[in-house]
Amino acid sequence: MPERTRPQPVTPAPGQESVWDYPRPPRLERTPATLEIWLGGERIACTTEGFRVLETSHPPTYYLPKAAFAPGVLERAPGGSVCEWKGEATYWTLRADGRVEEAAGWSYEQPTAPFAPMAGFVAVYAGRMDECRVNGVRVTPQPGGFYGGWITPDVAGPFKGEPGSWGW
């Protein structure tokens, strides 16, 4: 088993948020940010009506309304999982211009009460898309491939999913 090390939060620069100041359990917030997603060379989603979920040690996870996605992009995928905070997740396959990303998105169709406002909103793994942007800034996917946070220059880590973060 890997040795547990206590993470040392990076001091946020002016205008940055520390993910170590985010709460646990996580908090749901509306965001007026412009959220954009590209797949198969096409912009497949755009909204200013999204949510972000903030959780200690994680970059924000952004959720977009299904109506923000181009017609035919989202298709229900098999399987699912359960989040201890948000409830039962539904998976989504995304398709655009011949490109298919199986189960690259997820939603909570009937989330727990604290997350009820985001029922049916869809998050995607940025690393499985061509590109995702927040207010025109290209995001970096949360490391590790398991979590779906979007890293932008306005958040400071370290982030869950980086090497050595098992057990945080």
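A residue is called buried when its relative accessible area is under 20%, exposed when it is over 50%, and partly exposed in between, using a 1.4 Å probe and protein chains only. By that scale Arg 99 is partly exposed, with a relative accessible area of 27%. The model is predicted, so local features need pLDDT of at least 70 and side-chain atom pairs count only at pLDDT 80 or more, while totals for chains, interfaces and linings use all residues. Residues are numbered from 1 along each chain as its sequence is written, and side-chain values use heavy atoms, with hydrogens and water left out.

Side chains of opposite charge can pair when their charged atoms come close. A salt bridge here is a side-chain nitrogen of Lys or Arg within 4 Å of a carboxyl oxygen of Asp or Glu. The count by this rule is 13 salt bridges. One of them joins Arg 52 to Glu 17, with 3.0 Å between the closest N and O atoms. Arg 52 belongs to strand S5 (residues 50-54) and Glu 17 to strand S1 (residues 17-18), so this pair ties together parts that are 35 residues apart in sequence. Strands (E, at least two residues) and helices (H or I, at least four) are DSSP runs, numbered from the N terminus. Arg 52 is buried, at 11% relative accessibility, while Glu 17 is partly exposed at 30%.

A second salt bridge links Glu 29 and Arg 27, at 3.1 Å from N to O. Glu 29 is partly exposed at 23%, and Arg 27 is partly exposed at 37%. Arg 99 also has a partner: its side chain meets that of Glu 101 in a salt bridge of 3.2 Å, N to O. Glu 101 is buried, with a relative accessible area of 15%. Through shared partners, salt bridges join Glu 17, Arg 27, Glu 29 and Arg 52 into one network.

Strand S2 (residues 27-31) also holds Thr 31. Thr 31 is buried, at 10% relative accessible area. Its side chain reaches the backbone nitrogen of Ala 33 at 3.1 Å. Contact means heavy atoms within 4.5 Å. Not counting residues up to four places away in sequence, Thr 31 touches Thr 48, Glu 49, Gly 50, Phe 51, Arg 52 and Tyr 62. Arg 52 in this list is the residue that forms a salt bridge with Glu 17.

Ser 107 lies in strand S9 and is buried, with a relative accessibility of 0%. A polar contact is a pair of N or O atoms within 3.5 Å; within protein, one must be able to donate a hydrogen and the other to accept it, and residues adjacent in sequence count only if both atoms are side-chain atoms. The side chain of Ser 107 makes such a contact with the side chain of Trp 92 at 2.8 Å, and another with the side chain of Glu 109 at 2.5 Å. Apart from neighbours within four places in sequence, Ser 107 is in contact with Glu 88, Ala 89, Thr 90, Trp 92, Gly 120, Phe 121 and Val 122.

Two loop residues come next. Asp 21, in the loop between S1 and S2, is exposed at 63% relative accessibility. Asp 21 and Gly 80 are 59 residues apart in sequence, and their C-alpha atoms are 30 Å apart in space. Asn 135 sits in the loop between strand S11 (131-134) and strand S12 (137-138), and is exposed at 52%. The C-alpha atoms of Asn 135 and Glu 36 are separated by 8.2 Å, though the two residues are 99 apart along the chain. Leaving aside neighbours within four places in sequence, Asn 135 is in contact with Ala 33 and Thr 34.

A pocket is an open set of points on a 1 Å grid over the protein atoms alone, where a 1.4 Å probe fits, with protein on both sides within 12 Å along at least five of seven lines; lining residues have an atom within 4 Å of a point. The largest pocket holds about 740 Å³ of space, a volume being the space filled by probe spheres set on the points, which are joined across faces, edges and corners. Of its 30 lining residues, the closest to the centre are Glu 55, Cys 83, Lys 86, Phe 146 and Tyr 147. Strands S6 (61-63), S7 (74-83), S8 (87-96) and S9 (99-107) are the elements that give two or more residues to the lining.
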